[in-house]
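Trainee: I am new to this structure. Please take one part of it and walk me through that part closely.

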Amino acid sequence: MTSLSRLEKLGTIFTRVRDLIRAGVMKPADKPVWYDVMAAFPPKQEPTFHQSIDPEPLQELLYPEDKIRAKFYQTYRNQQTIDLANQSAVHQSICYRYIQEYQELEAAGSQTEEELMVATEAALAADGINLRRKGAPQKKPKVEARTPDAPPELGGLAKLLKDALNKNEIEKT
């Protein structure tokens with residue numbers, strides 16, 4: 001294909017794909033995803049080889065809550081997994097509620113960022129959401145000590161099987 005290396009100067013990628021489809025070299029089923037969109041909405045200026053590239057960099061989009069979100073994830077562990085396809089799950093996430101509470105407290109009074117973070121953590125704790133800071137030890141569930149002669153407690157499928165066997169024994173008698 002080295003002999004075809006200058007073809008990009010002769011037409012756009014759209015015209016080359018269009019001509020391949022017309023000639024029967026490319027099947028309509030194999031056309032790129034963008035082809036129909038570009039055919040329906042052609043650009044105002046046709047992109048060509050000689051077109052200059054705009055050297056101006058794109059502006060970054062940062063919202064005020066992005067800074068709060070960054071502080072949240074720097075300070076606290078990842079609290080939960082969020083299904084991004086479900087919009088209501090995003091609005092119920094701990095980080096989202098943290099941002100809302102932080103912004104409410106920030107609008108209510110003049111406090112430093114650290115005081116706002118502590119006040120937000122306390123407000124969420126009052127709602128029943130306990131945030132875990134990074135590096136803090138996790139609370140382990142209490143395990144009751146059992147005597148060595150006591151049988152271990154069964155759970156899950158083992159318990160169901162034992163209950164079914166007991167039920168069968170009771171029915172036989």
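Mentor: Start with Thr 120. Thr 120 has a relative accessible area of 0%. The cut-off for buried is under 20%. Thr 120 is therefore buried. Keep in mind that this is a predicted model.

Where does Thr 120 sit? Its place is in helix α6, which covers residues 113–126. Now look at what surrounds Thr 120. Set aside the neighbours within four places in sequence. Thr 120 is then in contact with Tyr 98, Glu 101, Tyr 102 and Leu 105. Find helix α5, residues 94–108. The buried residues of α6 pack against α5, and they also pack against α3, residues 64–75.

Next, take the helix as a whole. α6 has 14 residues. From its first C-alpha to its last, α6 reaches 20 Å. That is close to the 20 Å expected at 1.5 Å a residue.

Which residues of α6 are buried? They are Leu 116, Met 117, Thr 120, Glu 121 and Leu 124. Look down the axis of α6. The buried residues fall within an arc of 135 degrees, so they line one face of the helix. Thr 120 is one of the residues on that list.

Follow the chain past the end of the helix. Just after α6 comes Gly 128, with a positive phi of about 95 degrees.

For contrast, move to helix α7, residues 157–172. Leu 157 belongs to α7. Is Leu 157 buried or exposed? Its relative accessibility is 62%. The cut-off for exposed is over 50%. Leu 157 therefore counts as exposed. Together with Leu 160 and Leu 161, Leu 157 makes a nonpolar surface patch of about 340 Å².

Now step back to the whole chain. Its secondary structure comes to 7 helices and 0 strands. Along the sequence the pattern reads α-α-α-α-α-α-α. The chain has 173 residues, and buried residues make up 16% of them. Thr 120, at 0% relative accessible area, is buried. The accessible surface of the chain comes to about 14900 Å². Carbon and sulfur atoms hold 57% of that surface.

One last number concerns contacts along the chain.

Definitions and conventions: Residues are numbered from 1 along each chain as its sequence is written. This is a predicted model: local features need pLDDT of at least 70, side-chain atom pairs count only at pLDDT 80 or more; totals for chains, interfaces and linings use all residues. Side-chain values use heavy atoms; hydrogens and water are left out. Helices (H or I, at least four residues) and strands (E, at least two) are DSSP runs, numbered from the N terminus. Buried means under 20% relative accessible area, exposed over 50%, partly exposed in between (1.4 Å probe, protein chains only). Accessible areas come from the Shrake-Rupley method with a 1.4 Å probe; for residues, only the protein chains shown count as cover. Contact means heavy atoms within 4.5 Å. Patches are made of residues with over 30% relative accessible area and no salt bridge: like charges are joined within 9 Å, nonpolar side chains (Val, Leu, Ile, Met, Phe, Trp, Tyr) within 5 Å. A salt bridge is a side-chain nitrogen of Lys or Arg within 4 Å of a carboxyl oxygen of Asp or Glu. The expected span of a helix is 1.5 Å times one less than its number of residues. The arc is that of the directions from the helix axis to the C-beta atoms.
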